[in-house]
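This report goes through one protein model, beginning with a single residue and its surroundings and then turning to the helices, the surface and the chain as a whole. Please keep the sequence and the structure in view while reading.

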Amino acid sequence: MHLRCRIKGSDAMPNDGHYTLCPYFVGHKDKSISCEDIYRRFESHKDKENHMSKYCDDKWESCPHAVNLMRMYERIDNMS
């Protein structure tokens, strides 16, 4: 696993009531989330909050965007 992906629970980033664990998380607004490689817009604030609660703040390793980034970094690491 790429070093960027290694994170401990105590490294959570507090932001607006969220304790974000995902190392790829950059920020969020009313209906959007910015990750290291993508800007995601959601239909509603509630949809965004649900995504953050499920993935960004908890099971980030299962997030489709985090999975793609981990695979990309793995390929990069294997090239060297």
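## A residue in a loop

Where does glutamate 61 lie? In this model, which is a predicted one, glutamate 61 is found in the loop that runs between α1 and α2. Its relative accessibility is 42%, so glutamate 61 counts as partly exposed, a class that extends from the 20% limit for buried residues to the 50% limit for exposed ones.

When residues up to four places away in sequence are not counted, glutamate 61 touches Val67 and Met70. Glutamate 61 can also be set against cysteine 22: the two are 39 residues apart in sequence, while their C-alpha atoms are 7.8 Å apart in space.

Helix α1, which covers residues 45–56, has as its buried residues Lys48, His51, Met52, Tyr55 and Cys56. These residues lie on the same side of α1, because the arc they cover around the axis is only 100°.

One of these buried residues, Lys48, is joined through its side chain to the side chain of histidine 28 by a polar contact of 2.9 Å. Histidine 28 has its place in strand β3, made up of residues 25–29, and it counts as buried because its relative accessibility is 18%, with the limit for that class set at under 20%.

## A nonpolar patch on the surface

On the surface, Met72, Ile76 and Met79 form a nonpolar patch, and together these residues have about 310 Å² of accessible area. Methionine 79, one of the members of the patch, lies in helix α2, which spans residues 64–79. With a relative accessible area of 71%, methionine 79 is exposed, the requirement for that class being a value over 50%.

## The chain as a whole

The protein chain has a secondary structure of 2 helices and 5 strands, and the order in which these follow one another along the sequence is β-β-β-β-β-α-α. The chain has 80 residues, of which 35% count as buried.

Among contacts in the protein chain with a separation of 6 or more, 38% are accounted for by residues 24 or more positions apart.

Definitions and conventions
Residues are numbered from 1 along each chain as its sequence is written. This is a predicted model: local features need pLDDT of at least 70, side-chain atom pairs count only at pLDDT 80 or more; totals for chains, interfaces and linings use all residues. Side-chain values use heavy atoms; hydrogens and water are left out. Buried means under 20% relative accessible area, exposed over 50%, partly exposed in between (1.4 Å probe, protein chains only). Helices (H or I, at least four residues) and strands (E, at least two) are DSSP runs, numbered from the N terminus. The arc is that of the directions from the helix axis to the C-beta atoms. A polar contact is a pair of N or O atoms within 3.5 Å; within protein, one must be able to donate a hydrogen and the other to accept it, and residues adjacent in sequence count only if both atoms are side-chain atoms. Patches are made of residues with over 30% relative accessible area and no salt bridge: like charges are joined within 9 Å, nonpolar side chains (Val, Leu, Ile, Met, Phe, Trp, Tyr) within 5 Å. Accessible areas come from the Shrake-Rupley method with a 1.4 Å probe; for residues, only the protein chains shown count as cover. A salt bridge is a side-chain nitrogen of Lys or Arg within 4 Å of a carboxyl oxygen of Asp or Glu. Contact means heavy atoms within 4.5 Å.
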